[in-house]
Amino acid sequence: MAKFLCIYREPTVNRAKPSPEEMQALQAAWYTWMQKFSSAIVPGGDGLKRTGRVVKAGLVTDGPYVEAKEIIISFGVIQADDYDAALAIARECPGDLAIEIRELAGYA
């Protein structure tokens, strides 16, 4: 079974902070999604803080921004038979996120 890295992105623009009720509903939706696909979700994914650094050609700059209007906020790994199966799982992910899906090469 192949493994796929899911990179969760959201816009860098400031959005209205969700209410406590909206946060609870979103957390419940994530929990439900993770339970539904628990056999496919590989332990170890996590959210990311909004700060970071980028090392490029020996120079260190503030990051983790690339030249885009989105920021990577989280990542996870899922196991699936192929891209179509991985996409089916990602499509049901709650929230208003862009999800980049990359198959792991299997070197490790």
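Is Arg9 buried or exposed, and what is its relative accessible area?

Mentor: Arg9 is buried, with a relative accessible area of 17%; the term buried stands for under 20%, exposed for over 50% and partly exposed for what lies in between (1.4 Å probe, protein chains only). The model is predicted, so local features need pLDDT of at least 70 and side-chain atom pairs pLDDT 80 or more, while totals for chains, interfaces and linings use all residues. Numbering starts from 1 along each chain as its sequence is written, and side-chain values use heavy atoms, without hydrogens or water.

The partner of Arg9 is Glu100: the two form a salt bridge whose closest N and O atoms are 2.4 Å apart. The term requires a side-chain nitrogen of Lys or Arg within 4 Å of a carboxyl oxygen of Asp or Glu. Arg9 belongs to strand 1 and Glu100 to strand 6 (residues 98-103), so this pair ties together parts that lie 91 residues apart in sequence. Helices here are DSSP runs of H or I with at least four residues, strands are runs of E with at least two, and both are numbered from the N terminus. While Arg9 is buried, Glu100 counts as partly exposed, at 24% relative accessibility.

Glu100 has a further partner in Arg102, the side chains meeting in a salt bridge at 3.2 Å, N to O. Arg102 is partly exposed as well, with 47% relative accessibility. Arg9, Glu100 and Arg102 are therefore to be read together, since salt bridges link them in a network.

By this rule the count comes to three salt bridges. One of them lies between Lys36 and Glu92, with the closest N and O atoms 2.6 Å apart. That pair also links distant parts of the chain, as Lys36 sits in helix 1 and Glu92 in the loop between helix 2 (83-91) and strand 6, 56 residues apart. Lys36 is exposed, at a relative accessible area of 54%, and Glu92 is partly exposed, at 42%.

Helix 2 also holds Ile89, which is buried, with a relative accessible area of 8%. Beyond its neighbours within four places in sequence, Ile89 is in contact (heavy atoms within 4.5 Å) with Trp33, Phe37, Ala40, Ile78 and Gln79. From Ile89 to Trp30 there are 59 residues in sequence and 12 Å in space, C-alpha to C-alpha.

These sites belong to a chain with two helices and six strands. Read from the N terminus, the order of the elements is β-α-β-β-β-β-α-β. The C-alpha trace spans about 45 × 40 × 20 Å along its principal axes. Of the 108 residues in the protein chain, 22% are buried; Arg9 is one of the buried residues, and Ile89 is another. Among contacts with a separation of 6 or more, 75% join residues 24 or more positions apart.
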